[in-house]
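Please keep the coordinates open while reading.

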4 protein chains.
Amino acid sequence: MTTKLKVTVWGENVHEQKIPAVRAIYPLGMHECIASALRQDETLNVRTATLQEPQHGLSHEVLEDTDVLTWWGHCAHSQVEDAVVDRVHKRVLEGMGLLVLHSAHYSKIFKRLMGTTCSLTWREAGEKERLWVCNPGHPIVRGLGPYFEIPHEEMYGEPFAIPEPEETLLISWFEGGEVFRSGCCYRRGNGKIFYFRPGHETYPTYHQREVQTILRNAVHWLAPQGRWIDSCPNIPSDKAPEKITSSAAHHSSPGQADKS
Amino acid sequence: MTTKLKVTVWGENVHEQKIPAVRAIYPLGMHECIASALRQDETLNVRTATLQEPQHGLSHEVLEDTDVLTWWGHCAHSQVEDAVVDRVHKRVLEGMGLLVLHSAHYSKIFKRLMGTTCSLTWREAGEKERLWVCNPGHPIVRGLGPYFEIPHEEMYGEPFAIPEPEETLLISWFEGGEVFRSGCCYRRGNGKIFYFRPGHETYPTYHQREVQTILRNAVHWLAPQGRWIDSCPNIPSDKAPEKITSSAAHHSSPGQADKS
Amino acid sequence: MTTKLKVTVWGENVHEQKIPAVRAIYPLGMHECIASALRQDETLNVRTATLQEPQHGLSHEVLEDTDVLTWWGHCAHSQVEDAVVDRVHKRVLEGMGLLVLHSAHYSKIFKRLMGTTCSLTWREAGEKERLWVCNPGHPIVRGLGPYFEIPHEEMYGEPFAIPEPEETLLISWFEGGEVFRSGCCYRRGNGKIFYFRPGHETYPTYHQREVQTILRNAVHWLAPQGRWIDSCPNIPSDKAPEKITSSAAHHSSPGQADKS
Amino acid sequence: MTTKLKVTVWGENVHEQKIPAVRAIYPLGMHECIASALRQDETLNVRTATLQEPQHGLSHEVLEDTDVLTWWGHCAHSQVEDAVVDRVHKRVLEGMGLLVLHSAHYSKIFKRLMGTTCSLTWREAGEKERLWVCNPGHPIVRGLGPYFEIPHEEMYGEPFAIPEPEETLLISWFEGGEVFRSGCCYRRGNGKIFYFRPGHETYPTYHQREVQTILRNAVHWLAPQGRWIDSCPNIPSDKAPEKITSSAAHHSSPGQADKS
């Protein structure tokens, strides 16, 4: 009876095709592993889309029918068409939730929404990562303890060149000595965004229970709250809430060209 | 002895050339009026740059030599070259201050830094605007009282589609009944950004004392605090702060292609 | 089947008893008018509590059984017992939502949660107030248009001495010329807080449709997301996630006295 | 010629008197070590004050003459008189900077300014702490590299029960496996606040070069920007910016009692 939340899981789907070690871990692709984790929650209606599909599987119709989009990309960010990025951007500002995963810190859509470089330090040594919860009552960490560990992961370290998060929810401790803000909450326009660090393609991270719990929780937290169709409306003088007599130095304003 | 703060005042400089009514108010261009207001402060070293110059007057050398950039544009946002926007963006993230004026809410650089549409409602009726100070102790409003008025201005109204400001410093009351967040503080990367609403080209706003006070104060507040040259460095295992033995499933990682 | 959200409406209930003009508008007390507005939503389970009851009606048991607390007070803030304020404070940090109404900007609980004076400017002239929505997609303003008006209200003006809101959702325009941040969102601990400006006792504000819509929407937005029982636990060396050998210069630490 | 910044270093000064191991490290008291580090900067005018002095050394006159106050306390928070806390609180809101050190996370003044419990997890095992810089261009970390280490420190771990910092500037990695937000920036009223984690009394932390650099940098960042004497002024109808005719339902308003 209740309407299900519509989730589209987007995957770059390149490493899985090219690198046997990655395919061994994610035989159906990383996106299918993520989608499968989400499908354990029966209140979610989950589909997938990949880079290789026409319009990367993110047509106007698909995005209109998506409440929350998850995004994993790494080696092919530059192959994502700007027109698709424009469309996703617009939908986030209208209210669609966006879950940004791991190396998608460098995706076009995340950089566009943040307005910064989103760079970081990194090392691929398969070291241990321990993620600490900064707000144990937050719905995204429901069901988790004070921390959880991932046995082998790529390291991402500070400085992470993002705008200050509205909530820093998770911080990672790495065996090699670094730290990282691994769970970052944002609102842009009417949409929510959550960046979640783990998920290097050569480790079975998305098979791990705690990671899957966060994916499911995050999708619910990212659910749209309403819809804001943004525009830049002119309010003529006779429609002003208060009566005014226009004293404008009227000219055929070229300045408004870029607004309409 | 003290090094002066280097300010570059950027002006679109189109209305002044095309519209006699605008030229009558700003015979040397709006940018020269703004520059002149800043030059009243002897600790500032002020130059101007306009759309019409090669590279819009914002070469690599000029930007390297700029501590704070002010930006006014309205009808020709789309004519600003992306390469110049890239360069300004990079410098802001490194620490250069950016003062965004009036209709530059729709400039490429502001939209890129904000990640949102930056739209608003508007009306050109020459109505009265009253700007209220939300934090009387803030350096940007030093020398002002609880509010000041501009006799005739274009109206900008909420919703203003920006990320939540780090500080909402000024809120406007309009005669026609609207309100607007007219002074908004942000940090992105290592740079500060201040959006200041007033300044429609058909009114003598930048000649007004209180407006000029805010321009000067804002430039000082926007002064760089330091410099952060951002990159995305790999930290090899033998350079990790803690001794680790790499257990990475090594492969010639195509994923790093986009990082180097 | 679904559990209803438990709301406790707290009212100071003093003006209603003393001033006939107030009693004429709110014959059962302001709290009953607010409660009645909330009861129109059948998913809410609403009770009231007032200053005059033992423990002001906010015993440990009542607060444990409360998901969202609404608070209206004006002339008797100082009569609220500190022990009750402590208890409400603790519950907010655990996750209980708090809706702070009008003159409760000066309540003990709001000042304690904000850490600032929460002062403002004010005038009682029965002037018109127009509230503008800054984020039309936000669930608290669902069902409203771009703005709504209250024909007669007390004026509150900037500067409003609060920490920067996490979201400034509503801004008021007053007939007499002032502006005010009238809808302010905060999180503290695991609880959400919403400050909503209107509601002077001598006007029928809480009878107005749009105001009632916001009250209902706000209560839902304020619903607890989870529970965080805060403490300050010692983690002994042998319980550290990583093996360490304590090299502590042990002394019977008096410093910990205040922690346990 | 330039006016020096006036700094008051407040110390609890209890452990130093009672525990020989602490006195061995800080023979003149921790406050004198901190003051001495600040005095290396000739633009600072530094005095000290301690719990044992009348009014804890923080009379009205001293606070009026203080631009930045540093606060270290641990075992005697409850002995700090509320009247002194009120006075410090008022001065911070007016613009005085506050540097909150280590165990002062539990001081009355920090808890009052934050509005939360400010609790955390902790362990005293003399383990290694490594502090990472999240924004390398920030003036508080000027002169430091990407990170620095303290060989032996008490551990503080997340969750740290504070409002979301306006900037999380430093994050600690602990040998025992925890992480902590160790450098947190806030503004309250017109004052700035910086929380800096390190400084357990049984280790020579405040003798360390990098820590002293941060203390000096922080004091400069905390310098007052202006002064805001807060009040709650009534604006009578005939002083309203816009002409209004009061339609107030006048009554001798008891509600204003708490405002005047």
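How are helix 3 of chain C and helix 7 of chain C oriented to each other? Helix 3 of chain C and helix 7 of chain C are roughly perpendicular to each other, a label given to angles of 65 to 115 degrees, whereas angles under 35 degrees count as roughly parallel, those over 145 as roughly antiparallel and the rest as oblique. This is a predicted model, in which local features need pLDDT of at least 70 and side-chain atom pairs count only at pLDDT 80 or more, while totals for chains, interfaces and linings use all residues. Residues are numbered from 1 along each chain as its sequence is written, and chains are lettered from A and ligands numbered from 1 in the order in which they are written.

In chain C, the axes of helix 3 (residues 30-39) and helix 7 (residues 209-221) come within 9 Å and cross at roughly 70 degrees. Helices (H or I, at least four residues) and strands (E, at least two) are DSSP runs numbered from the N terminus, and axes are lines fitted to C-alpha atoms, for helices over the stretch in contact, with angles running from 0 to 180 degrees between N-to-C directions. The crossing of these two helices of chain C is right-handed, where right-handed means that the near helix is turned clockwise from the far one by less than a right angle, and left-handed that it is turned anticlockwise. From helix 3 of chain C, Ile34(C), Ala37(C) and Leu38(C) meet Gln212(C), Leu215(C), Arg216(C) and Val219(C) of helix 7 of chain C; two residues are in contact if their C-beta atoms, placed from the backbone, lie within 7 Å. By class, this contact has five nonpolar, one polar and one charged residues, with Ala, Val, Leu, Ile, Met, Phe, Trp, Tyr, Cys and Pro counted as nonpolar, Asp, Glu, Lys and Arg as charged, and the others, Gly among them, as polar.

In chain B, the axes of helix 3 (residues 30-39) and helix 7 (residues 209-221) come within 9 Å and cross at roughly 70 degrees, which makes helix 3 of chain B roughly perpendicular to helix 7 of chain B.

**Chain A**

Chain A has seven helices and nine strands, and its C-alpha trace spans about 70 × 40 × 35 Å along the principal axes. Of its 260 residues, 59% count as buried, that is, with 20 or more other C-beta atoms within 10 Å of their own, against 12 or fewer for exposed residues and a number in between for partly exposed ones, the C-beta atoms being placed from the backbone. Helix 3 (residues 30-39) of chain A is mostly covered, with seven of its 10 residues buried, among them Met30(A), Cys33(A) and Ile34(A). The cover over the buried residues of helix 3 of chain A includes strand 1 (5-11), helix 1 (15-18) and helix 7 (209-221) of chain A.

**Interfaces and symmetry**

A rotation of 180 degrees with 0.0 Å of shift along its axis superposes chain A on chain B (RMSD 0.0 Å), so the two copies are related as by a two-fold rotation axis; the superposition is by least squares on the C-alpha atoms of residues with pLDDT of at least 70 in both. Gly115(A) comes closest to the rotation axis of the residues of chain A, at 2.7 Å (C-alpha). Because 100% of the interface residues of chain A are also interface residues in chain B, the copies meet through the same surface.

The contact of chain B with chain C takes 17 residues from chain B and 17 residues from chain C. On the side of chain B that touches chain C, strand 7 of chain B gives the largest share, four residues, and by class this side has eight nonpolar, three polar and six charged residues.

**Local backbone features**

| Site | Feature | Value |
|---|---|---|
| Glu158(A) to Pro159(A) | cis peptide bond, omega | near 5 degrees |
| Glu158(C) to Pro159(C) | cis peptide bond, omega | near 5 degrees |
| His56(B) | positive phi, not a glycine | about 55 degrees |
| Gln55(C) | positive phi, not a glycine | about 55 degrees |

Pro159(C) is found in the loop between strand 6 (147-157) and strand 7 (167-174) of chain C. His56(B), in the loop between strand 2 (44-50) and helix 4 (60-64) of chain B, is buried, with 24 other C-beta atoms within 10 Å. Gln55(C), placed in the loop between strand 2 (44-50) and helix 4 (60-64) of chain C, is partly exposed, with 15 other C-beta atoms within 10 Å.
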